[in-house]
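Morning, everyone. Please bring up the sequence and the structure, and follow along as I talk.

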Amino acid sequence: MASIAKPAVQARSGMSNGKLVGRIVLYIVLGLVAIFFLLPLFWMLVTSLKPGDEWLQANWLPKNPTFDNFTRLFNNPSAPMFNWFVNSIIISGIATFLTLTLDALAGYAYSRLNFPGRKILFALMIGTLTLPGIVFLVPNYLTVNTLGWLNTYQGVIAPGLAGVFGVFFLRQFFQSLPKELEEAALIDGGTIWTNFWHIALPLSRPALATLGIITFLASWNDYLWPWLVLNDPTKFTLPVGLASLQGSFTFDYGLIMAGAVIASLPVIILYLLLQRYIIQSVAMTGLKG
Amino acid sequence: MAVRDRVQSQSQSTTAPTASGRRRINLLPYLFVLPHLIFFAAFLGWPFFYGIFVSLFNYDFSDPTYRPFVGLQNYINLFDSSSLQFADFWRSVVNTGTFIVWSVPPLVIIGLLLAVLLNSKLPGRNIFRAIFFAPWSLSAVVASLLGWWIFQDGGILNQSISGIGLQPNSWLGQMPWPWFAITLTTVWWTVGFNTVIFLAALQDISETLYEAASIDGANRVQQFLGITVPLLRPVIFFIITIQIIASANLFVQPRVITGGGPALQTESLIMRIATESFQFFRMGSGAAMCVMFAIILLILTALNFRLFGRTEQQ
């Protein structure tokens, strides 16, 4: 608090020197906070590059840096890391693609098309938003079991496709597009389908990107549901596999941190590339992870 | 004619008169809605009723031959101190409440303070914003593994503490420190989310308000309390609400960091539900706990609306 007050006091006296001091203080505070956020990530990386006898030492740079933890991880038959990686990519990729497809179609209909039952269906969807996701846990597990989908990709993916957030989000976006464009296109011989495909969708690229990023991240990072559905270690996603490493290699800290690095690398790269986009997406949707 | 039909069906109604005078229903909108609707019905609509239905049975997942109807027994058990579930269930409820008390204030207050620090024309502030938000993009499992590793008895935190000559602490073994470890990990992981939301709202506050206030001699603290907080009240309320819900759903952090220990004292409600349903396969009882969870959460959000929502109308 004092650090916020300080520049103001200085600024009031009208000294440019004071402003400079205030700015420096602000940079120091922000820098310390930034270190707090970066240090654990750095420690994860450092641990993963240390040989076993260094893990429990406090040196912040490895004395004998090695990729041994990574090679051990990828050559360990009881921890099929490569499978987990592929599973995560397939599941997150399909979940994102299908969510965008289903939600764009439905969002467009709820925004632009009139049909009996529209209002009731929409109200029902709003209703489910007030319920915590946990109430669906047990019954959805039983449903997935009845369908024979335990231990399958579709068992992990399907319940997520029911989500209503994307439908709302895209519907709101379609609402904001001018209707006249599509009405004119209809008179020129277009159809509802061509309106959707050639007008509404291309105009909605930013919204689709936002929903896509958020869906991919959520799916990539999800734990509880995939952990319940998947029992066979070769079917695990990265978070499920990673948590299982903790159980089977409890004191092999370097190996576990190597796994954490592998699981984080794609999202960190994605984040570095799309950081501005991701932050905007979150600010726009207010969706808590 | 065809065009007029379509325009009509799009902008007014799906039933259009045909030559024979019958009204036909345009099926196209249903084709748009149907793919999502199938999943919605199967995994959000149906399970709502099915979950309540299952909670009325002694539903043992591992034994399909014996699943008798027990009425409200699964709910009564949760209030009967001699039942198998009573102690575990309420301990996990209290634990989850404890975590809400631990985590919501720092997540909201630190989130707001960081947003205020970033809400200046400082060069490089977007870099800081990106750094503060970065952990949010990680999996809860990764964030929690880092917390678990750092707060170990032999972990870097204790190493550093001994390094400066202080007494190391059993962060994960001695209450209430496990809550501290879980909370700090959670703050590290998700406070950037709150900061980003607050920052977006702060940028909507007109600069002239602050200029006017500083001409009148208000310092930054007075400006913060007199302008920022009142104008942000709806956003603060929104963040508190979603933060309570997010914290109530605590699961991965204690599972990975403490395993629910020591002595189940950090076992959250969702961990308990998972154990009851998927370890002991008492799914009827687990489903009843889920319903109770939903009711408790509704009460909490209603309380929050009473406490904070009302002041908004003043």
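Ground rules. This is a predicted model, where local features need pLDDT of at least 70, side-chain atom pairs count only at pLDDT 80 or more, and totals for chains, interfaces and linings use all residues. Residues are numbered from 1 along each chain as its sequence is written, while chains are lettered from A and ligands numbered from 1 in the order in which they are written.

Start with chain A. It has 14 helices and 0 strands. Helices here are DSSP runs of H or I, at least four residues, and strands are runs of E, at least two, numbered from the N terminus. The C-alpha trace of chain A spans about 70 × 70 × 35 Å along its principal axes.

How much of chain A is buried? Of its 289 residues, 42%. Buried means 20 or more other C-beta atoms within 10 Å of the residue's own; exposed means 12 or fewer; partly exposed is in between; C-beta atoms are placed from the backbone. In chain A, 67% of the contacts with a separation of 6 or more join residues 24 or more positions apart. A contact is two C-beta atoms, placed from the backbone, within 7 Å.

Now chain B. Chain B has 13 helices and 2 strands. Its C-alpha trace spans about 90 × 65 × 35 Å along the principal axes. Buried residues are 40% of the 314 in chain B. Among its contacts between residues at least 6 apart in sequence, 65% join residues at least 24 apart.

Next, domains. Chain A is assigned domain 1 (2–72) and domain 2 (76–285). Those bounds come from an automatic or database domain assignment. Taken over C-alpha atoms, the domain centres are 34 Å apart. Domain 1 of chain A puts 10 residues into the contact, and domain 2 of chain A puts in 8. On the domain 1 side, α2 (16–48) and α3 (68–74) of chain A each give two or more residues. The largest share of that side, 4 residues, comes from α2(A). The residues of that side divide into 4 nonpolar, 4 polar and 2 charged. For those classes, Ala, Val, Leu, Ile, Met, Phe, Trp, Tyr, Cys and Pro count as nonpolar, Asp, Glu, Lys and Arg as charged, and the others, Gly among them, as polar.

On to the chain interface. 81 residues of chain A contact 83 residues of chain B. Which helix gives the most on the chain A side? α14(A), with 13 residues. The chain A side splits into 63 nonpolar, 13 polar and 5 charged residues.

Then the core. The largest nonpolar core has 148 residues. A nonpolar core is a set of buried Ala, Val, Leu, Ile, Met, Phe, Trp, Tyr and Cys residues joined through C-beta atoms within 7 Å. Those with the most contacts inside the core include A:Leu242, A:Ala260 and B:Val141. Helix α14 (residues 253–285) of chain A gives the largest share, 14 residues. Domains 1 and 2 of chain A both give residues to this core, so it lies between them.

Look at A:Ala260. It touches A:Met44, A:Leu242, B:Val142, B:Leu145 and B:Leu146, leaving out residues up to four places away in sequence.

In α6(B), 11 of the 11 residues are buried, so it is largely enclosed by the rest of the structure. Among those buried residues are B:Val142, B:Leu145, B:Trp148 and B:Trp149. Helix α13 (residues 238–248) of chain A is mostly covered, with 8 of its 11 residues buried. A:Leu242 is one of them. The cover over those buried residues includes α14 of chain A and α6 (140–150) of chain B.

Last, a contrast point. A:Ala184 lies in helix α9 (residues 179–187) of chain A. This residue is partly exposed, with 13 other C-beta atoms within 10 Å.
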